[in-house]
Amino acid sequence: MGNVKLLDCTLRDGGYVNDWRWGFGAARDIVATLTRAGADIVEVGFLRNVEGYDPDVTVCRRIEELNRLLPAGRGRTMYAGMAMRSNYDIAQLSPYAGEGIELIRITAHDYDIREGMDFAREVQARGYKLSINPINIMGYADRDILWILDQVNAIRPYQFSIVDTFGSMRRRDLERILSLVDHNLDPAIRVGLHLHENMALSFCLAQEFVDKHLRRDITVDASLLGMGRIPGNLPIELMADYLNDTLGARYDIDELMDAIQDHIAPLKGDTAWGYTPAYFLSARYNLHRNYAEHYLAKGDLTNRDINHILAGLDRAKATAFDAAYADRLYRDYQSRHVDDEAAMQALRTAFGGKRVLVLAPGASLGTEAGRAAVAGAGADVCVSANFCPDFCRPDYAFFSSSKRFDKVDPAALPCPAILTSNLHAAPDTARVVNYDRLAGDDAQAGNSVLMLLRLLRLCGARQALLAGADGYRPGARAYADSSLHTHTDRGAAYNAQVGAAMRSIAGGLPLQFVTPSEYAKEAGL
């Protein structure tokens, strides 16, 4: 069996979580701790075309800047940096001077892999050890992988890595790709494996890789606590323990535990990474993870909805995320057309010329002051938005989110329902309105309160009074009902988008807030 190395990529891949803003002292301490733990290779950051130098950030233009993070005593640890062909000018890379970072890992997409090979040669010509890491090897046909291996053999780098960028690899995929690589790659070139946690398989696949006992040197990538671009990576502490147990390695688990406790665990409290169903779905279809993130951020889709949307995504759009295309799929999915003329006529009668109280599920409705404001609003009609309150009985319950509507029993609603056409299982008493009538063309087109306000404007309401439309403030509870939560880090930017949309709506429907609201501040109301 060949030599097995463990590579830590926390400061580089983990930096997707905190925008690489570790703080200079913390980054240096992480490198030093990993060195004491016996990590074979520590990747200390990205080489990119950035303006200026920020010592607190592990993305730098010059390798000398990354070298400042290295400890005085390196032991047996090798240090690495990563550069992507499409966002780094290789002319900025100084020749290797015999110390500091000695391994450069280069990446390229399928659409620029040929240029990536030229980029790799430029790195190697500067005297560095070279690792070639093509992005998303699961996206290549076998014949294309063989072409890549021919190119790699001609370059003769230190390492070639199998990179499961979208976390879609299963055991049979690893078997197939590893067989191709091992039988066609020069035996002198070591093979690396970089996994993601979309399907909660990283540790299983890494063990399988090691247990193959290949007659070549291998490297396994991992990070502290699995920190990495969501949903994360293989946890290095698990892999270190496994190699200690099975191969007699001597990684210091105590040092790894210290690094996690001091630097990583506090970050996970702010931004969680790890397995989630939506990222499993992006991996299931071998798609760029931004599609899952994009649909999670909509806030009104269930995992079932996301599954159905991703299933129909054009394979030509799979590798590079296209936000406009993703939005088009979202609108197409939501816009199930119905004949809503009768429903609209009934709603014009219900709301026309009336003062309508709109109840949103914000935390203010869980307070005595908020509920008193609702009781004293003096509205003609009351409509709740995407929930049904337990402290009063509205005249109508409006739903536009399948995520919210799927949690209620339509037959148990205490009032008639108003539904947008994207929802299914509508009760016989429901008024169903075409989604497209109410969706705006702004960033928060599917926001339920905005959709309800647009409906009231269409129906000729005299005024809308808003309660519970609180907006989002850091550290403040968002909803009165603790079972409701958001998957996104909503804050000032979201408030500004909703406020701007409300300001536009107010041009045709006077708005008044009866409970405190961040949206009101942004809307100038």
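Modeller: Before we start, helices here are DSSP runs of H or I with at least four residues, numbered from the N terminus. Also, keep in mind that this is a predicted model.

Colleague: Got it. Which helix is Asp305 found in?
Modeller: Look at the stretch covering residues 303-311. Asp305 falls inside that run, and the helix is α13.

Colleague: Is Asp305 buried or exposed?
Modeller: The cut-off for buried is under 20% relative accessible area. Asp305 has 6%, so it counts as buried.

Colleague: Which side chain does the side chain of Asp305 make a polar contact with?
Modeller: Leaving out residues up to four places away in sequence, Asp305 touches Asp300, Tyr333 and Ser402. The polar contact, at 2.3 Å, is with the side chain of Ser402.

Colleague: Over to α12 and α14: are they parallel or oblique?
Modeller: Helix α12 (residues 289-298) and helix α14 (residues 323-334) pack with their axes 11 Å apart, at an angle of about 50°. Roughly parallel would need an angle under 35 degrees, and roughly perpendicular takes 65 to 115. That angle therefore makes α12, relative to α14, oblique.

Colleague: How many nonpolar residues does that contact have?
Modeller: From α12 come Tyr291, His294, Tyr295 and Lys298, while α14 brings Ala323, Tyr325, Ala326, Asp327, Leu329 and Tyr330. Tyr and Ala both count as nonpolar. By class, the contact has one polar residue and two charged ones, and the nonpolar count is seven.

Colleague: What is the relative accessible area of Asp340?
Modeller: Asp340 sits in the loop between α14 and α15. Beyond its neighbours within four places in sequence, it is in contact with Val432, Val433, Asn434 and Arg437. Asp340 is buried, and its relative accessible area is 3%.

Methods:
Residues are numbered from 1 along each chain as its sequence is written. This is a predicted model: local features need pLDDT of at least 70, side-chain atom pairs count only at pLDDT 80 or more; totals for chains, interfaces and linings use all residues. Side-chain values use heavy atoms; hydrogens and water are left out. Axes are lines fitted to C-alpha atoms, for helices over the stretch in contact, and angles run from 0 to 180 degrees between N-to-C directions. Helices (H or I, at least four residues) and strands (E, at least two) are DSSP runs, numbered from the N terminus. Angles under 35 degrees count as roughly parallel, over 145 as roughly antiparallel, 65 to 115 as roughly perpendicular and the rest as oblique. Contact means heavy atoms within 4.5 Å. Buried means under 20% relative accessible area, exposed over 50%, partly exposed in between (1.4 Å probe, protein chains only). A polar contact is a pair of N or O atoms within 3.5 Å; within protein, one must be able to donate a hydrogen and the other to accept it, and residues adjacent in sequence count only if both atoms are side-chain atoms.
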